[in-house]
Amino acid sequence: MADAPKRTILVTGGAGFIGSNFVRFILKRVQDVRVVNLDALTYSGNLANLSDVLSVPRHTFVKGSINDAHLIADLIDAHAVEGIINFAAESHVDRSIDSPAIFVETNVAGTQALLAAAHEARVSRFVQISTDEVYGSLGPEGMFREDTPVQPNSPYSASKAAADHFVHAYRHTYGLNTIVTRCSNNYGPYQFPEKMIPLMIHNALTGKPLPVYGDGLHVRDWLYVADHCRAVWEVYEKGTAGNVYNIGGNNEHTNLDVVRTILRCLNKPESLIQFVKDRPGHDRRYAIDASRIRRDIGWEPSIDFETGIKRTVEWYCEHREWLQTIVSGDYQKYYDRMYSGREMTA
Ligand code: NAD
Ligand code: DAU
């Protein structure tokens, strides 16, 4: 019989895209850990993302907010929480341009509330899931390193950078054991179809135009979500307190490249591509130098883009019901607000 779990971590945002993949990773791969999963179930949080692990005894799901200081204190106390990994956030850049205030509420005030509770209860580790977007935008050359100055451009990245500053302040002022991770763009199963890759897969599957912003030559550095989850856990276990760790797979592609790859995987014509008005303030290029995590922790990505994108497209094809449930709700209103009348004429 397997040993009883020896320690408990509080994972926030564990019903979202990366959080649900992370919870599944822990339950499958790390036998001595119990997970308390706190998620407010906003539009992007979905219990269907956890359907296969909801009844696992080492997993306790709690619906609630990281802004709720009393709830967090009670959870830490009741479950003797060893450490916290904060995935909870408003995560979509376009929504942050449309409605920035909730990004301050969740990403800044929510992170601060969680830090305060962690400090009060003297938890032994706090990992903040940040993003490479806090570094701003690159020209054609160079990569983001951990010592690259933070220069966020969108309301989303500004809120994430502000949260990172709060994490640093809790380390510096109160001695909380903190780590910040900054990962590049993730893709894989359970990603909400407002993000580029699942949005393009969904539109291609339903014969709708694929809306490429601007000239489509913006570059993102893609990492398969399972590789990100493993990196976060290795950093939680082996990282040095106070450090920032970049996470990325040296896998840069233009958006147009990615969209064409998706169309090829689905055997759909390139005529579905439609260039639309650009995202305001659109960052041109992201590229992550992940040498610190490779050198100090020994983490490396294991899934190349060709394999990962094929697996992702197959997953969405096999989970039409999951996709359909999402797009049949408020999603259509969101899509119309963001995309109608945005087409560019030649
Ligand atoms: P997501 O939008 O899919 O999930 C966010 C989750 O947070 C949802 O389940 C939502 O219900 C929950 N949430 C929102 N507000 C909450 C609150 N107040 N209290 C508790 N839960 C709340 O986002 P994602 O893409 O999985 O991103 C997860 C984290 O990773 C975010 O912090 C994001 O900034 C970061 N990140 C994402 C990427 C990416 O490519 N998706 C890359 C780097 C970093
Ligand atoms: O870099 C990490 C970040 O990656 C995370 O911190 C964010 O949470 C995550 O949303 C993601 O941000 P991006 O803005 O890079 O991802 P998104 O999927 O929204 O867009 C990827 C690229 O595709 C970007 O250059 C904009 C473009 N795009 C996006 C959409 C939704 C399009 O051309 N058309 C679209 O319809």
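**Exercise 1.** In this predicted model, find how far a polar backbone atom of Asn-186 lies from an oxygen atom of ligand 1, and state how much of the ligand the protein buries.

*Solution.* Start at Asn-186: one of its polar backbone atoms is 2.8 Å from an oxygen atom of ligand 1. Next, take the ligand alone, which exposes 830 Å². The protein buries 96% of that area. At Ala-40, a backbone N or O atom lies 3.1 Å from a nitrogen atom of the ligand. At Leu-41, a polar backbone atom is 3.5 Å from a ligand oxygen atom.

**Exercise 2.** Describe the shell around ligand 1 by residue class and by the elements that supply it.

*Solution.* Sort the shell residues first: twelve are nonpolar, 15 polar and two charged. Then assign them to elements. At least two residues each come from α1 (17-29), β5 (125-131), α5 (155-174) and β7 (185-187). Of these, β5 gives the most, with three residues. Finally, pick out the nearest of the 29 residues around the ligand: Ile-18, Asp-39, Ser-91, Tyr-156 and Lys-160.

**Exercise 3.** Explain why helix α6 (residues 196-205) counts as largely enclosed.

*Solution.* Apply the cut-off for burial, under 20% relative accessible area. Nine of the ten residues of α6 are buried, so the rest of the structure largely encloses this helix. The buried set runs through Ile-197, Pro-198, Leu-199, Met-200, Ile-201, His-202, Asn-203, Ala-204 and Leu-205. To finish, step just past the helix: Gly-207 takes a positive phi of about 75°.

Key:
Residues numbered from 1 in each chain as written. Chains lettered and ligands numbered in written order. Predicted model: local features only at pLDDT ≥ 70, side-chain atom pairs only at ≥ 80, totals over all residues. Heavy atoms only, no water. Buried < 20%, exposed > 50% of the residue type's maximum accessible area, 1.4 Å probe, protein only. Helix = DSSP H or I, 4+ residues; strand = E, 2+ residues; numbered from the N terminus. Near = heavy atom within 4 Å. Polar contact = N/O pair within 3.5 Å; in protein donor to acceptor, adjacent residues only side chain to side chain. Areas by Shrake-Rupley, 256 points an atom, 1.4 Å probe, with all protein chains shown as cover. Nonpolar A, V, L, I, M, F, W, Y, C, P; charged D, E, K, R; others polar.
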